[in-house]
Amino acid sequence: MTGTERQTDAPASRPLGALYAGNARSVMFRGWQATRSTNWLVVVSGFFEPIFYLLSMGLGLGALVGTITTESGQEVPYAAFIAPALLAVAAMNGAIYDSTWNVFFKMQFAKLYEGMLSTSLGPLDIALGEISLALLRGALYATGFLVVMQALGLNLSWSALLALPAVLLIAFGFASVGMAVTSFMKTFQQMDWITFLLLPMFLFSATFYPLSVYPQPIQYVIQALPLWHGVELVRGLTAGQVDAGMLWHVLYYLVMILLGLVFTTRRLRTLFLD
């Protein structure tokens, strides 16, 4: 059998043909090693950012605000109200950074993906590997922040243990969509739109105030935002307000993950293989 025949037969033996070689872990490990050697300070700063928000807003301003009534009618201290929201934000920020700016640099300047796709790796390997790296970063942020919440007594129920897998789901959703969007970006000016969209979502996703303070039309807009679903999911788990309604939040992120993976894989294939 010739070398050409072996290259032709190899993709046919894979589950998804030329799209997936089953080796996404190599992409993730490569990214993790690069992060450890060059970007560790950025990772550390991202971990402390939500803690500073919690100390200043939750404990500082919280002393003046007192308690907040949640959408379910439960009264909780202000710090316990915003802490789970900041946990969801930390997962979003960690996932978004790795799946947007890092991916943009690798795609537009380092030309890393072209080299990867010249090997046995497929577009889905790259997508899953990069998203897994973003997911790992989100998990590190979330675990550390949960420990801080526990130390400050802001986890009000045993169901707060479920907040960690919920945060991983949030990070997975944002990382998938973030990488899909970044695959269409060509300039730094276009990348600035991501920050432009994230900032108002951070401020207006019932992060610092209950949804009920907004006019009804604005509430509908907020409820369509992905971060709002994450905030409500984590807030309900840390406060012990577990009900079947949480399944809608979970379904929202499952759809995000599916759409992000599909669009990212197709986009990488279009850019580098077709």
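Helices here are DSSP runs (H or I, at least four residues), numbered from the N terminus. Axes are lines fitted to C-alpha atoms over the stretch in contact, and angles run from 0 to 180 degrees between N-to-C directions. The structure is a predicted model, where local features need pLDDT of at least 70, side-chain atom pairs count only at pLDDT 80 or more, and totals for chains, interfaces and linings use all residues. Residues are numbered from 1 along each chain as its sequence is written, and side-chain values use heavy atoms, with hydrogens and water left out.

**Stop 1: α6 and α7**

Select residues 123–151, helix α6, and residues 163–182, helix α7. Their axes come within 8 Å and cross at roughly 140 degrees. That makes α6 oblique to α7. (Under 35 degrees counts as roughly parallel, over 145 as roughly antiparallel, 65 to 115 as roughly perpendicular, and the rest as oblique.) The crossing is right-handed; that is, the near helix is turned clockwise from the far one by less than a right angle.

Now show side chains. Contact means heavy atoms within 4.5 Å. From α6, residues including Ile-126, Ala-134 and Leu-146 meet α7 residues, among them Leu-164, Phe-172 and Met-179. By class, this contact has 16 nonpolar, 3 polar and 1 charged residues. (Ala, Val, Leu, Ile, Met, Phe, Trp, Tyr, Cys and Pro count as nonpolar; Asp, Glu, Lys and Arg as charged; the others, Gly among them, as polar.)

**Stop 2: α7 and α11**

Look for Phe-174 and Val-177 of α7, and Tyr-253 and Phe-263 of α11, which are among the contact residues. The contact divides into 15 nonpolar, 4 polar and no charged residues.

**Stop 3: α7 and α10**

The axes of α7 and α10 come within 9 Å and cross at roughly 175 degrees. The pair is therefore roughly antiparallel. Val-167 and Ile-170 are among the α7 residues here, with Leu-233 and Leu-237 among those of α10.

**Stop 4: the largest cavity**

A cavity is a set of points on a 1 Å grid over the protein atoms alone where a 1.4 Å probe fits but cannot get out; lining residues have an atom within 4 Å of a point. There are 2 cavities of 30 Å³ or more. The largest holds about 50 Å³, a volume being the space filled by probe spheres set on the points, which are joined across faces, edges and corners. Select its lining, including Thr-70, Phe-81, Leu-154 and Arg-235. The lining has 7 nonpolar, 2 polar and 1 charged residues.

Key. On a 1 Å grid over the protein atoms alone, a cavity is a set of points where a 1.4 Å probe fits but cannot get out, and a pocket is an open set with protein on both sides within 12 Å along at least five of seven lines; lining residues have an atom within 4 Å of a point. Helices (H or I, at least four residues) and strands (E, at least two) are DSSP runs, numbered from the N terminus.
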